[in-house]
Amino acid sequence: MPGTETIAARTSLTPKLGLETFAAGLATLAESADHRVRMHVGRPARGQCKHHRFVHTAGEIDVFPAGVADEWHQAEASTALVVSLTQSLLGRAAAETGRDPAHLEVPLRHQVRDPQIEHIVRALDAEHAAGRPGGALFSDSLGLALAVRLLDPVAAPAPPARGLTPQQLRSVTSYIEEHLDHDLSLATLADVAGISASHLKTLFRRSLGLPVHTYVIHRRVDRARALLLRGRMAASQVALEVGFSHQSHMARCMRRVLGVTPTSLTRPGGPKSAKPSPSLVAPELEP
């Protein structure tokens with residue numbers, strides 16, 4: 001049996017991420033109610049199943065549909081990142097791409113190379129390693145993207161070429177402004193707009209030119225900048241007040257977005273007159 005360390009818990013749309021290790025010898029993968037994506041991340045490992053011999057190399061992906069078990073023999077120990085997606089998450093992805101959730105098909109695949117899946121899995125792992133600074137919003141986006149990819153997005157209908165309506169954009173951005181200190185989720189913002197999560201991702205970017213999670217980071221940076229310049233709160237308190245997970249997270253984002261650090265803003269003679277980038281300014285829409 002494998003040794004599995006769960007390294008990220010799921011929310012409404014977030015898949016479960018785990019690090020799975022198999023010792024040399026018989027490797028057994030038990031059935032699961034979830035669909036699983038297993039990506040090899042360790043050193044090359046030789047193995048043999050009922051049909052052929054193989055060598056697992058870093059980046060190779062196995063996809064196990066819900067209810068599928070497997071076993072094989074390994075000559076060396078192996079390590080893999082395993083992403084588990086619930087049936088309900090796949091159903092939501094199917095519904096949002098014009099498919100029938102009652103007739104989902106996730107094909108069994110072994111040792112495939114898929115740059116999109118690999119990118120999503122590595123992004124989930126990096127997000128966890130960094131302490132989930134993007135919060136539920138970023139993880140939800142990755143979970144939904146992975147689910148859509150597993151359902152073969154090539155056949156999915158093209159999204160409409162429009163953006164959010166002025167009322168939808170006003171509602172979403174106002175909600176973000178009022179809840180910056182919360183761990184915002186894609187599902188919640190989609191409910192505010194009255195559309196699906198996948199459509200919100202696409203339409204929001206078309207409207208403002210930024211992914212929704214990037215926009216939220218920018219708004220948090222701008223709010224933090226204003227609070228720091230007032231000088232009434234410690235930097236650690238400001239970070240929590242605007243929704244960053246901790247002070248270091250705020251400093252990294254501020255440096256990336258504004259090119260300055262919280263310390264330089266509050267230092268005597270620092271860049272207090274620097275204005276936020278136009279992309280940071282909350283949109284003002286006509287009624």
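Student: In this predicted model, in which helix is Arg223 found?
Tutor: The model is predicted, so its local features are read where pLDDT is at least 70. Helices are numbered from the N terminus. By that numbering, Arg223 is found in helix 7.

Student: Is Arg223 buried, partly exposed or exposed?
Tutor: Buried means under 20% relative accessible area and exposed means over 50%. Arg223 has a relative accessibility of 28%, so it counts as partly exposed.

Student: Leaving aside neighbours within four places in sequence, which residues is Arg223 in contact with?
Tutor: Contact means heavy atoms within 4.5 Å. With neighbours within four places set aside, the contacts of Arg223 are Glu177, Leu180 and Val242.

Student: What distance separates the C-alpha atoms of Arg223 and Ala239?
Tutor: Arg223 and Ala239 are 16 residues apart along the chain. The separation of their C-alpha atoms is 9.7 Å.

Student: Which residues are linked with Arg223 in a network of salt bridges?
Tutor: A search of the whole structure finds eight salt bridges. One of them joins the side chains of Arg219 and Asp222, at 3.2 Å from N to O. The network that includes Arg223 also holds Glu177, Arg219 and Asp222.

Student: How many residues apart are Arg219 and Asp222 in helix 7?
Tutor: An α-helix has 3.6 residues a turn, so residues three or four places apart point the same way. Both Arg219 and Asp222 are buried. Their spacing in helix 7 is about one turn of the helix, and in residues it is three.

Student: Which residue forms a salt bridge with Glu76?
Tutor: The closest N and O atoms of the pair are 2.5 Å apart, and the cut-off for a salt bridge is 4 Å. Glu76 lies in the loop between strand 8 and strand 9, and its partner lies in strand 5, so the bridge ties together parts 30 residues apart in sequence.

Student: How many residues apart in sequence are the parts tied together by Asp114 and Arg149?
Tutor: The side chains of Asp114 and Arg149 meet in a salt bridge, 3.1 Å from N to O. Asp114 counts as buried at 10% relative accessibility, whereas Arg149 counts as partly exposed at 21%. Asp114 lies in the loop between strand 10 and helix 2, and Arg149 lies in helix 3, so the pair ties together parts whose separation in residues is 35.

Student: How far apart are the end C-alpha atoms of helix 3?
Tutor: Helix 3 has 16 residues, and at 1.5 Å a residue it should span 22 Å.

Student: How many of the residues of helix 3 are buried?
Tutor: Helix 3 is largely enclosed by the rest of the structure. Just after the helix, Asp152 takes a positive phi of about 65°. Of the 16 residues in helix 3, the number buried is 13.

Student: How are the rings of Phe204 and Tyr215 arranged: stacked, tilted or edge-to-face?
Tutor: Phe204 counts as buried at 0% relative accessibility, and Tyr215 counts as buried at 1%. Planes over 60 degrees apart count as edge-to-face. The ring centres of Phe204 and Tyr215 are 5.4 Å apart with planes at 70°, so the pair is edge-to-face.

Student: How many residues apart are Phe22 and Trp72?
Tutor: The structure holds two aromatic pairs. Phe22 and Trp72 form an edge-to-face pair, with 5.3 Å centre to centre and 65° between the planes. Phe22 is in strand 2 and Trp72 is in strand 8, and their separation in residues is 50.

Methods
Residues are numbered from 1 along each chain as its sequence is written. This is a predicted model: local features need pLDDT of at least 70, side-chain atom pairs count only at pLDDT 80 or more; totals for chains, interfaces and linings use all residues. Side-chain values use heavy atoms; hydrogens and water are left out. Rings of Phe, Tyr and Trp (its six-membered ring) pair if their centres lie within 6.5 Å; planes under 30 degrees apart count as stacked, over 60 as edge-to-face and the rest as tilted. Helices (H or I, at least four residues) and strands (E, at least two) are DSSP runs, numbered from the N terminus. Buried means under 20% relative accessible area, exposed over 50%, partly exposed in between (1.4 Å probe, protein chains only). The expected span of a helix is 1.5 Å times one less than its number of residues.
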